[in-house]
Number of protein chains: 2
Amino acid sequence: MASTPNLRERTRRAVRSEIAATAMRLFAEQGFEATTVDQIAAAAGISRRSFFHYFGTKEDLVLGDTAGLGESIRDVLEARPAEESAWSALRAALMTLRSGDDPAADLAHARLCREAPSLRARKLEKYLHWQELLAPDVQRRLGLPATEAPDPRARAFVSAALSCLDVAVEAWCEADGEGDPVRLFDEAVAALRA
Amino acid sequence: MASTPNLRERTRRAVRSEIAATAMRLFAEQGFEATTVDQIAAAAGISRRSFFHYFGTKEDLVLGDTAGLGESIRDVLEARPAEESAWSALRAALMTLRSGDDPAADLAHARLCREAPSLRARKLEKYLHWQELLAPDVQRRLGLPATEAPDPRARAFVSAALSCLDVAVEAWCEADGEGDPVRLFDEAVAALRA
DNA sequence: GCAGAACTATGCACCGAGTGCAAATATGTG
DNA sequence: CACATATTTGCACTCGGTGCATAGTTCTGC
């Protein structure tokens, strides 16, 4: 009668997302740093130890599945037409990130990353990981020969694009969600290339 | 007989740099993460508590006076001719960072930042701080009107330049100090603007 | 030189994040 | 039902970092 192969996996995901929701509520109330893991665990009705079975770190509550997201961006990037320019293809791939379905949540998210240094740091590390994932395809599009380790120029290219993304999100966040983040991104890119 | 006004300050600086030297030795032997603050304090002949009077965090041992360095870069940037382009002026300002007097130490430094995630994170946060410091002048050079908070485009510009710097240093580090980091930086910038 | 202010060193107790281990419990499969 | 496999939980521990109080040292004005 198992509608999906894994019931275990389903409940696990459900619990995981409920913990995250509880945590986001607490973060909104008291801030990220002022909220302890013990509080979150208590509020979610699990033990402190179990919490760490669901999330490796407190930051993971906010920056969920970064690796998976990075890979899906990479997949979109690699699916773009081979002759498309690096900027254009990368721009299209990064649009994957626009969840769109809940801008209020996105804003809360961005605000958290701004206020808590440890979150900012983790986010930047996440970008670093994406950089490694996306660099090979960009390297090809830049007309650079394929190499074992990504060419520094490709890495710089991706890193700069992620900088533009980050700056756009931050400006959008400072403006309380007013304005178009995509336009901000494009303006930032244009400023670099002028 | 006080050759300089502050004997206190002098000894303080001496102790501070000796702690840092001791720590760098331990880091080289066992790695950053495997070395505890207690070990460093013991090796430096001070108490654990005193250590934290000299360095706020373990990472500060490696990433010394980031704020001061950022301000000196900003000063150089602002001293560049007003009509110089943003890229050129920023490039010149970032050359401040070439300590040059001890490339081996620089390499050890860069290696540490590569291996220890917490150090990488801190370094990126340092860049974030520099971004805020350098953005206003860049904003002017880009022909953008002055604003209260830095324009996102100026921030993206600085952030991209720092990305290039970082990528260049990393490539230089991966090549064991062979090659010219300045050339790598210029190539990275060229790749963005092509 | 001396008295008091200001700084420094240290110990101690504490917090919060994160981990390893082992026992108990729940859940899936034959 | 019985067995294997996850999951939950508690416990003890490490490590980075902070607040506080106390003892000692240096600097300053007289």
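Helix axes here are lines fitted to C-alpha atoms over the stretch in contact, and angles run from 0 to 180 degrees between N-to-C directions. The model is predicted. Chain A holds nine helices and zero strands.

**Fold of chain A**
- Along the sequence, chain A reads α-α-α-α-α-α-α-α-α.
- The C-alpha trace of chain A spans about 55 × 45 × 30 Å along its principal axes.
- Chain A has 194 residues, and 35% of them are buried.
- Take the contacts in chain A between residues at least 6 apart in sequence: 51% of them join residues at least 24 apart.

**Helix H5 of chain A**
- H5(A) covers residues 86-94 and packs on helix H7 (residues 117-141) of chain A.
- The axes of H5(A) and H7(A) lie 9 Å apart, at an angle of about 150°.
- Angles over 145 degrees count as roughly antiparallel, so H5(A) is roughly antiparallel to H7(A).
- H5(A) brings Ala86(A), Ala89(A) and Leu90(A) to this contact, and H7(A) brings Leu134(A), Val138(A) and Arg141(A).
- By class, the contact of H5(A) with H7(A) has five nonpolar residues, one charged and no polar.
- Seven of the nine residues of H5(A) are buried, so the helix is largely enclosed by the rest of the structure.
- The buried residues of H5(A) are Ala86(A), Trp87(A), Ala89(A), Leu90(A), Arg91(A), Ala93(A) and Leu94(A).
- Those buried residues pack against helices H4 (66-79), H7, H8 and H9 (181-193) of chain A.

**His109(A)**
- His109(A) sits in helix H6 (residues 103-115) of chain A.
- His109(A) counts as buried because it has 20 C-beta neighbours inside 10 Å; the cut-off is 20 or more.
- Gln30(A) is 79 residues from His109(A) along the chain, and their C-alpha atoms are separated by 14 Å.

**Relation of the two chains**
- Chain B superposes on chain A by a rotation of 180° with 0.0 Å of shift along the axis, at an RMSD of 0.1 Å.

**Interface make-up**
- Chain A and chain B each put 26 residues into the contact.
- On the side of chain B that touches chain A, helices H7 (117-141), H8 (152-174) and H9 each supply at least two residues.
- H8(B) gives the most to that side, with 13 residues.
- By class, the side of chain B that touches chain A has 17 nonpolar, seven charged and two polar residues.

**Helix crossing between chains**
- Helix H8 (residues 152-174) of chain A meets helix H9 (residues 181-193) of chain B, with axes that come within 8 Å and cross at roughly 55°.
- That angle makes H8(A) oblique to H9(B).
- The crossing of H8(A) past H9(B) is right-handed.
- From H8(A), the contact uses Pro152(A), Arg153(A), Ala156(A), Phe157(A) and Ala160(A).
- From H9(B), the contact uses Leu184(B), Glu187(B), Ala188(B), Ala191(B) and Leu192(B).
- The residues of the contact of H8(A) with H9(B) divide into eight nonpolar, two charged and no polar.

Methods: Residues are numbered from 1 along each chain as its sequence is written. Chains are lettered from A and ligands numbered from 1 in the order in which they are written. This is a predicted model: local features need pLDDT of at least 70, side-chain atom pairs count only at pLDDT 80 or more; totals for chains, interfaces and linings use all residues. Helices (H or I, at least four residues) and strands (E, at least two) are DSSP runs, numbered from the N terminus. A residue is buried if 20 or more other C-beta atoms lie within 10 Å of its own, exposed if 12 or fewer, and partly exposed in between; C-beta atoms are placed from the backbone. Angles under 35 degrees count as roughly parallel, over 145 as roughly antiparallel, 65 to 115 as roughly perpendicular and the rest as oblique. A crossing is left-handed if the near helix is turned anticlockwise from the far one by less than a right angle, and right-handed if clockwise. Two residues are in contact if their C-beta atoms, placed from the backbone, lie within 7 Å. Ala, Val, Leu, Ile, Met, Phe, Trp, Tyr, Cys and Pro count as nonpolar, Asp, Glu, Lys and Arg as charged, and the others, Gly among them, as polar. Copies are superposed by least squares on the C-alpha atoms of residues with pLDDT of at least 70 in both.
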